[in-house]
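Please consider the sequence and the model below together.

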Amino acid sequence: MNKKVLFTCQAAMTAALYVVLTIFVNAFPFNLANGNIQIRISEALTILPYFTPAAIPGLTIGCFLSNILTGTAPMDVVFGSLATLLGALGSYALKKHKWLVPIPPIAANTVIVPLILRYAYGMALPIPFMMLTVGIGEILSCYILGMFLLTALNRFGAGAMKFIDFSHH
C-alpha cells in the first residue's frame, strides 16, 4: 500500500474515532467531555502515536472537530487542539517507553485546559483545583483506558487490523 495513502487513512480513522467517542460522551446529561471534571474517553486514543505517527494529525484534527461540533468556545477549539497536538508529539517521542506514552497528553491537558476553563469560560475555581480535577480525568482517560487500549492493540491489533499496519510492534 502507498505510504501516503496509509498515513492519510490512519490519520482520518483516528480523527473519526476521536470525534465519535467525544460526541458519544457529550450526549450524556452530565457533560464529561467538556467542563471542570472531564473524562473524555476519546483521550484514550492518545496512545496511538505509539503505533503510528499518523495518529498525531489524527488526534489533533479529531480534537479540533470535536470541540467545534460540541460547541466549545473558540479559545477552547484552538488551545484544546494545541494541547492535544503537544500531547501527541510527546507520546510519539516516548514510543520506546511504553509505560510513559500517556504522560505527555496528561501533562499538556492538565496545564492548558484549566487556563481555557478560566479564560474562555470564566470558571472562578482556583486554577490548581481545576488542574487537579482535569488531571484526574486525564489519568483515567489517557493512562487507565489508554493503557488498556495499548495493551489490547499490542496483543491483538496487528493480526486483527493488518490494514492499519501496526506490524512494527
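Predicted model: local features only at pLDDT ≥ 70, side-chain atom pairs only at ≥ 80, totals over all residues.

**From a cysteine to the overall fold**

With a relative accessibility of 2%, Cys63 counts as buried, where buried means under 20% relative accessible area, exposed over 50% and partly exposed in between, computed with a 1.4 Å probe and protein chains only. Cys9, at 37% relative accessibility, is classed as partly exposed. A disulfide is a covalent bond between the sulfur atoms of two cysteines.

Residues are numbered from 1 along each chain as its sequence is written, and side-chain values use heavy atoms, with hydrogens and water left out.

The secondary structure of the protein chain consists of five helices and zero strands; helices (H or I, at least four residues) and strands (E, at least two) are DSSP runs, numbered from the N terminus. Helix 3 comprises 20 residues, 74-93. Buried positions in helix 3 include Asp76, Val77, Gly80, Ala83, Thr84 and Gly87. An α-helix has 3.6 residues a turn, so residues three or four places apart point the same way. The buried residues of helix 3 pack against helix 1 (3-26), helix 2 (55-69) and helix 4 (103-121), contact meaning heavy atoms within 4.5 Å.

The loop between helix 1 and helix 2 contains Ser42. Ser42 has a relative accessible area of 0% and is therefore buried. Leaving aside residues up to four places away in sequence, Ser42 touches Tyr18, Leu21 and Thr22.

Aromatic rings of Phe, Tyr and Trp (its six-membered ring) pair if their centres lie within 6.5 Å; planes under 30 degrees apart count as stacked, over 60 as edge-to-face and the rest as tilted. This rule gives one aromatic pair. The ring centres of Tyr50 and Phe51 are 4.9 Å apart and the planes stand at 90°, so the pair is edge-to-face. Both Tyr50 and Phe51 are buried.

For the protein chain of 169 residues, buried residues make up 46%. Of the contacts between residues at least 6 apart in sequence, 68% join residues at least 24 apart.

Methods. Expected span 1.5 Å × (residues − 1).
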